[in-house]
Each structure stands twice: as C-alpha cells, then as structure tokens.
Amino acid sequence: MLNRSSGVWICVALAIGAVLFALLATNPYYTSLVVWILTNAVLASALRFVLQIGELNIATAAFFGIGAYTAAITAVLFGWPFWLTLVLAPLVAATLSALFGWVTLRAKGPYFLLISFAVTEVIRLIYTQTNAIGGNSGLVGMFPPMAIDAYYPALAVALLAATLFALYGVERSDLGRMFMAIKNNDAIPRSVGLNVVFLKVLCVVIAAAAVGLAGGLHAYANNVIAPADFTYFVAILALAYVKIGGEGHPFGPVLGAAVLTLVGQWVAGISAWENIFYGAVIVATVLAFPGGLVGLATRARSLVIRSGQ
Amino acid sequence: MELFVQLLANTLQIGSVYVLFALGLTLIFGVMKIINFAHGAFYTAAALIVTSVVPFATATLGLPLWAGYLLAAIAAIAVVLCLGALVYSLGFQYVLKDLNGSFILSIGLLLVLNGAYLAIYGGAPRSVPQILPGTISIFGATLTAQRLALVIVAAIVTGGLYLLIERTRLGLALRAVAQDQEAAMLQGMPYRRVALYGFMIGAGLAACAGVLMAPINAVTPVSGDEFLIKAFIIIIIGGLGSVAGAIVGGLFIAVVESVGGYFFDPSTATLAMFILVIVFLLVRPQGILGNAE
C-alpha cells in the first residue's frame, strides 16, 4: 500500500507532468484548461485549509477577486512590471484578509459563514460602483511580458502546484496540528497558552495569500476580469470540489476540482441541465458518499485488504 | 408629511415580504441548525405555480379572477408543502445540525430546482393579471390596492405564526427543540417530527410570500434568490433562530432600502445594508434578539 511519502512523490510527478503538458501542448484550449483546473484546485484547497479551524470561509471568493484586481490594477492602470504585480497580488489579499479575519473571527459557525458571504458581496458591489476600475465591465489587457508569453501557462501551472504543496506542508507542520486542535475544541489550545484568535487569523491569511496568487495568475491567464467573475458562487463551487473530492484528505479538493472542471467543460452550454447536473452530483455526494471520491477509494482499498487476508 | 407616509408605505410593502421570507429561514435555522440556501426555491415554486394556475382557472374552468387566484394560492402552498416534506425526508434529515454538510446539500438542491424550473418554464418573465385593480390614497401618499392587500395578508400570516409559536403545543415543541435539542428529546419530544414540521412551516411561509408577490412582480425561475441574500442579512441582524428578531430585522432592512433608495440610489442602499450588518456583527454578534452561544 501507498505510504505518505510515496503519495507525495506521485503528486510531484503529476505536477511535473502538468507543467510539461502546459509547456509542450500546442492547443491553447488544453493549456488554458490545465491552468483553470489548477486554479480551481488552489481555491478548493484554500477553502479546505480554513475548514481545518472549522470555519467555512465564503470570502475565499473575495480574496481571489482581490488578487486578480490587484494584478490588473497595478498592471493596466499603473503599468508596473509583471513580476511586481504577481508578488503584490497575494500580499494585498493577505493584508486585507488579516483585517477581515481580525474583525470577523470573533464570530464563528453560522455567523462567520454569513458574514463572509456578506463581505464577498460588498467587495463585488464596490468593484461595480467604482468607475476607475471599469465598473461592471471590469478591466481588460493584462498580458504577460512578450518574452515569457509562450511559457506563461507552464509558469502558472508551476506556481499553482507549488502553492498546493505549500498548503500541504503547512497542514503537516506543527502549525497544522494547532489548527486541528482549534477545530476540535478551541478552549483546550487556549488553556495551554496558545493565542487562538491569532492562529485563526493566520489560517485565514495563509489561505487568502494562496488564492490571491491564484487570482493574479488568473488575471494574466484570462486577460480580462469583471466583478461577475468573483461572486460568492466561486466559493460555492470550490466547496463542491472539496465535498466531491473528499474533505478528509489534502488531495481530495485537487481531485474534485480536476474531475468537476473536466466534466463541467462537457456539460457547459446546456444551461438548465448544467445546473441540474451539478446540483444532482452535489446532492448525491453529500448523501451517499460523505467522504467524497477519496473516501470512496479508501473504503474500496480497505475492502480489498480485508478480502485478501 | 406626504413623503414620510409614502416612504412608510414603501417600507411596509417591501418589509412584509422580507419578514415572511426571513421568518421561514430563521425558523428552519432555529429548529434544525442549518442554513437553507434553497429557501428561495420554495418562493419561486409558489410564484411559478400561481402564474400557471391562474390562466388555467380563468380560461379553462371559467372561474372569476379572484376565485382563480384563490385556487392558485391553495394549490401553490399545497405543492410547496409537499416539496418541503420531500426535500426534508430525502435529504435534510440526514444532515441535521451539520452546518457545512447541510449548506452544501441545500446549494445542490437549489441548483437542481432552479434548473428544473428553467427547463419547465423557460427563462422569460411570467406575470399574472392584476387581482385588485385601483389605487388608494392615504395622507396624500398613493398605494395600489394590491400592495395594501399584500401588507395586510402578510401581517395576518405573521400574527398567526406568532400565535402558533407562543400558544400551541407544536409551538412549544419548536421552541424547546430550538433552545436545547437534547433536553427536548430527553423529555420525550419526537425531534425528527418536530424538525419536519418546522421545515414545512418555513417552506409554507416562503410559499405565502411567493403567492403574494406573484401578481405584483413578474416571476422568473430565479425570483426567490433575490430575497435570499437580504434574508440572510435580516436573520443576522435579528439573531439566528429568533422569530421576533426576523420581524424587527425585516422591517429595519426595509427602512434602509426604501429611505436609502429614495435619497441615494438602490445599489448604494444595498452597499449601506451590507456595511451596516458588518458593523452590527462587530458590536453585537448574536443579533438584536439572539442569545449568545
């Protein structure tokens, strides 16, 4: 059976494969699809990262938008260099999320869920009301520099994959264990002298930095962004990826994002049935396979082991 | 004075629908500890049924308009109650008190139901002829008779719900379960049945709102979703699970919307509402009438 380190090596091989594919594939549709799958994987993993402290953070969608708008504003309106804008995207998202977390993480459970929802809508409304950043129609014309334009999908895939590994690394570290302790019962970590509010804010900030970078990369990959790309629905789809892939394992959200994004390409454009399809998949997963695809695989494996004995 | 009365009338019109909608949402949260994202689908179902039964009753059955509307209202509420019972027994009863699981389940349901409405009715707005034509003038402010009727019926339904919660055995059971589910079960209360009734009452309230709004606003397959975000704000302000809080919160949001929409523009009013609720949560996270956990 696979142990943990061989699982990680398989993921590294998958990531290298994805980068090579983005580098070598000639059809722009396929390369942009790979970038989009990894973007969704980062969104879903970041959502799951905050679920480690037991909170469902709808504002994940807002920080994705802040990353994208930061890159777009600095690139298009200020004309700053490409690399600087890509560094600023996660930084600005993380800074604003620290403020957001410091203010809102006093509430928890349903209150935090609903307030993160409201914040996402406020930020989207602010975009639509600000004419300097294009109002409802958004911003156009974020292009990577000519020299790396051909390699941009590979660069984006590499950075997004590195982000996924970083999130995994934090989860496996002592910090990840502290997050887990907060989820189980936040009075106990507090009783041993941990600053629970600080740790919660830190968890939200790390996740926001990850989706901020994904947002910046998305702005350059898509060349055009609009407020409608960053509604609460982004976070809801990310939650669907987490649930369908499997919440219990770091690879779950990545798998869920890959499967649903690919299937989504296939059902896209048959409007009413697209909704019914997504909805039915979500309902069936929550009711029949609460562990998602990863949970299903684990169950199948334990069946095989038992019958082999 | 005239402006004041007009704004008051607007507030009551908007507020009465918000109150009905938010009451159902807060009741479901109180009893089941879930956030029902599919609540708007109950509203939409009722409104869509009214738009198809009214023409059928008047044209095919030859009933007068008011009788056709009454028939449509009964049919719509009955169908939504069945839909609520179905959704509860097929889905929600397995995720009671699981906040994240029930949230994603309700989103899945919302997608399925909205897709089904779109497949059945198409995306075009549908409307019902005016049931009560004419306008009424009070202190110089004008109000259509239909909207006045909406306010009165909504007030009666709200009052009825309040009596149900405060005065009946079922109401006592709902309050007991909302306060402490385990203690209520230890007293021999059938929790799952109480939760089912609570869920159906919530769905029925959304259906009432849909029936009342169908002759006033054009109905589309996503009509109910427009109320959902505002209803979330209302129940945060009022306190999750608080019936009186939903009424106070609904009227408060209606004041902000009608006054803000009059003096500024509607999207500024919406923005103000969101910022208010965030400030509000900082000062009093448990809402006006909610209990701290």
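Student: Why is the pair Asp174(A) and Arg177(A) called a salt bridge?

Tutor: A salt bridge is a side-chain nitrogen of Lys or Arg within 4 Å of a carboxyl oxygen of Asp or Glu. Between the side chains of Asp174(A) and Arg177(A) the value is 3.1 Å, N to O, so the pair meets the rule. Please note that this is a predicted model, in which local features need pLDDT of at least 70 and side-chain atom pairs count only at pLDDT 80 or more, while totals for chains, interfaces and linings use all residues. Side-chain values use heavy atoms, without hydrogens and water, residues are numbered from 1 along each chain as its sequence is written, and chains are lettered from A and ligands numbered from 1 in the order in which they are written.

Student: What separates Asp174(A) and Arg177(A) along the helix?

Tutor: Both belong to helix α7 (residues 174-184) of chain A, and because they are three residues apart, about one helical turn separates them. Helices (H or I, at least four residues) and strands (E, at least two) are DSSP runs, numbered from the N terminus.

Student: What makes the link between Arg124(A) and Glu121(A) a polar contact?

Tutor: A polar contact is a pair of N or O atoms within 3.5 Å; within protein, one must be able to donate a hydrogen and the other to accept it, and residues adjacent in sequence count only if both atoms are side-chain atoms. The two side chains are joined at 3.1 Å, which lies within 3.5 Å. Arg124(A) is in helix α5 of chain A. Leaving out residues up to four places away in sequence, Arg124(A) touches Pro227(A), Phe230(A) and Thr231(A).

Student: What is known of the interface between chain A and chain B?

Tutor: Contact means heavy atoms within 4.5 Å, and 36 residues of chain A are in contact with 39 residues of chain B. The buried area, which is the accessible area (1.4 Å probe) that two parts lose on being put together, summed over both, is about 3300 Å². Carbon and sulfur atoms give 86% of it. One residue pair, both at pLDDT 80 or more, is in polar contact across the interface. On the side of chain A that touches chain B, α5 (110-129), α10 (232-245) and α12 (271-288) each supply at least two residues, and α5(A) gives the most, with 13 residues.

Student: How do you know which residues on that side of chain A count as nonpolar?

Tutor: Ala, Val, Leu, Ile, Met, Phe, Trp, Tyr, Cys and Pro count as nonpolar, Asp, Glu, Lys and Arg as charged, and the others, Gly among them, as polar. The residues there divide into 29 nonpolar, five polar and two charged.
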